[in-house]
Each structure stands twice: as structure tokens, then as C-alpha cells.
Amino acid sequence: MDINTIISGPYPLKLLPDESKIPWDDAGFSQRMLENHLSQEHDWASRKLPVIEQQVTWITSQLHAGARILDLGCGPGFYTHMLAERGFHCTGVDFSPASITYARQQAQTAGLDIEYLQQDVRAYSPAQQFDFIMMTFGELNVFSALDAHALLSHCAQWLVSGGKLLTEVHTFDEIKRQGMAAPAWQRCPQGLFLARPHLLLTEHGWDEEAQTSSTLFWAIDESGNATRFGNQMTAWHDEEYLSLFSDCGFTSLPRPASTAWPVSQTFDGKLFALLAEKQ
């Protein structure tokens, strides 16, 4: 199969069952991803720290002293670490072993009592309730509509009465744009998918009916070995987000202003925050 055949498939792109997620829990992949989280040269894995600090300041304004916070998809623990320093009781859940190991080490070094769990957030089941639950950086969009509904319903159960849920989500247009992007290729001395030199081929697809974008990655090393990965994201219109929250037991609250919740220049107009309260 030649390169043109690989990158010019039919639309909408259909992923195989085992290609629906990037391997966040793979040891090698998660370590390479952690390096991108920690980088202050770009915003695409985690925001630069000054932006996160502004967001944490806004979160703090929503909470009473000593509030219990759950961060779903916490990554290396930037938010939970800063919030714990401000006296909040924090729990972080993430699928990445490298990120959770790093977060635990940072908390231990700083003498912070933060609970970190390496787990798929869809399988998480806490023993206590929280005052505030957060999912940043488009975490909700990586799930199917069915999984998103189930996860938000669980969040409503995990919150105390009057507890708040913060979700930072992608705009519909941004996810559709990703799905409609042209196929591409690049030479990589190393990258997320392989630590050795390789050719990375990328193909995108958009399913209008399902409102999902799909991305298929082929990483081909110098020996001709090909590794295939896939990723899918669900798009929601603004009114669909509000209906989803209502169906799951939440009342939507005014969004934080862009000055209070900056998304960084990289994601300006592509991400925005939604705030809701348990009914």
C-alpha cells in the first residue's frame, strides 16, 4: 500500500474498535506525553503555567475554604497542586501512569496531601462527595455522547448539594474543523507515538450525522514497521451542551469571562468553560 492510498481514504473515516483512543496508559507514550505537558514552549498539552495560575485564581473565587475538589483528567497535577497549596482538599484521576507518578512525586516533595489515582475516569467511583469537579482542556469531548452523559450523571452523584461542575469544552466548529482537515505527513526524529525516527501520516474524517471527528495516525519507522493509532472526538453545539447538563442533573450558571478564564492564544475561539450547579 503506498502513501497516497493510506492518506486518502473515504469519508467519514471509520476507526476500528481498538483504534478509538490514543494509548494514554501506555508507559512509553505516557512518558513522552508528560514531557509535552511539562514544556513551557507550547500550550497544546498543558497550558503554560501563568495561564493555569489565572484559571486557578478564578476557581478559588468559586469555592469556600477547605473545599473538596476532584480533577478528572488531571494530567501531571498542575491544577490540583496549586489548589492544594491554597488549602483545598484535592483528588486527581488520570489514565496516564507517567503523569500520575510525576504528580505524586511533586505533591510528596511539597508536603501536599493530594490523592492521585491512575484510572479511566469512566470507571472511577469515589467513596466521598466533592464540592467542585473539574474537567479541563476538552476532556469531555473525547468521550462518545453515551459516555459523556454517563460521566456527567456520575458527577452529579459525586457532588454535594449545590456543588459545582466546571467543564472546559471545544466549540462545535473546532471539532468539525479538525475532522475536515486535509491529510498530511511529516518526518519526525522522535514523537509521541514512537521514540525513534519515523514518518507520521495523519488522516482525518468528519461524520456529520454522529457529529464526530476521527483522526488516524500511521507511524512508520526506518525499518518499514507501521504502528497505527486512532482518536475520536464528539462535537456539541452550545445549546446541546446545556441540554446535556440539564439531562444529567445540573443547572447551568453564567460562563466565566474570557478575562477570568483565559484559554491561551493557541486555543482562542476553540475552547471555552462552562459552569453548572447540581440541581
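**Exercise 1. Find which residues of helix 2 meet which residues of helix 5, and state how the two helices are arranged.**

Step 1. In helix 2, the residues Ala27, Ser30, Gln31, Leu34, His37 and Leu38 meet Pro97, Ala98, Ser99 and Tyr102 of helix 5, where contact means heavy atoms within 4.5 Å. Helices are DSSP runs of H or I with at least four residues, strands are runs of E with at least two, and both are numbered from the N terminus. The model is a predicted one, in which local features need pLDDT of at least 70 and side-chain atom pairs count only at pLDDT 80 or more, while totals for chains, interfaces and linings use all residues. Residues are numbered from 1 along each chain as its sequence is written, and side-chain values use heavy atoms, with hydrogens and water left out.

Step 2. Two packed helices are described by the angle between their axes and the distance between the axes. The axes of helix 2 (residues 27–38) and helix 5 come within 7 Å and cross at roughly 55 degrees, the axes being lines fitted to C-alpha atoms, for helices over the stretch in contact, with angles from 0 to 180 degrees between N-to-C directions.

Step 3. Helix 2 is therefore oblique to helix 5, since angles under 35 degrees count as roughly parallel, over 145 as roughly antiparallel, 65 to 115 as roughly perpendicular and the rest as oblique.

**Exercise 2. Give the strand order of the open sheet of seven strands, and say which helices lie on this sheet.**

Step 1. The order is 3-2-1-4-5-11-10, with mixed pairing; two strands pair if DSSP finds at least two bridges between them.

Step 2. Strand 3 (115–118) and strand 10 (250–253) are the edge strands, each pairing on one side only, and the twist from one strand to the next averages 20 degrees.

Step 3. Helix 3 (residues 49–61) packs on the sheet and touches strand 4 (130–135), strand 5 (159–170) and strand 11 (271–278), with a direction at about 155 degrees to that of strand 5. Helix 6 (residues 145–158) lies across strand 1, strand 4, strand 5, strand 10 and strand 11, and runs at about 150 degrees to strand 5.

**Exercise 3. Decide where the buried and the exposed residues of helix 8 lie.**

Step 1. Tyr241, Leu244 and Phe245 are the buried residues of helix 8 (residues 238–247), where buried means under 20% relative accessible area, exposed over 50% and partly exposed in between, with a 1.4 Å probe and protein chains only.

**Exercise 4. Describe the open sheet of four strands and the helix across it.**

Step 1. The strands stand in the order 6-7-8-9, and the pairing is antiparallel.

Step 2. Strand 6 (184–188) and strand 9 (226–234) are at the edges with a single partner strand each, so one side of each is left without a neighbour in the sheet.

Step 3. Five bridges join strand 6 to strand 7 (residues 198–207) in the antiparallel sense, and Cys188 has His198 in strand 7 as its bridge partner.

Step 4. Helix 7 (residues 172–180) lies across strand 7, strand 8 (212–221) and strand 9, running at about 125 degrees to strand 7.
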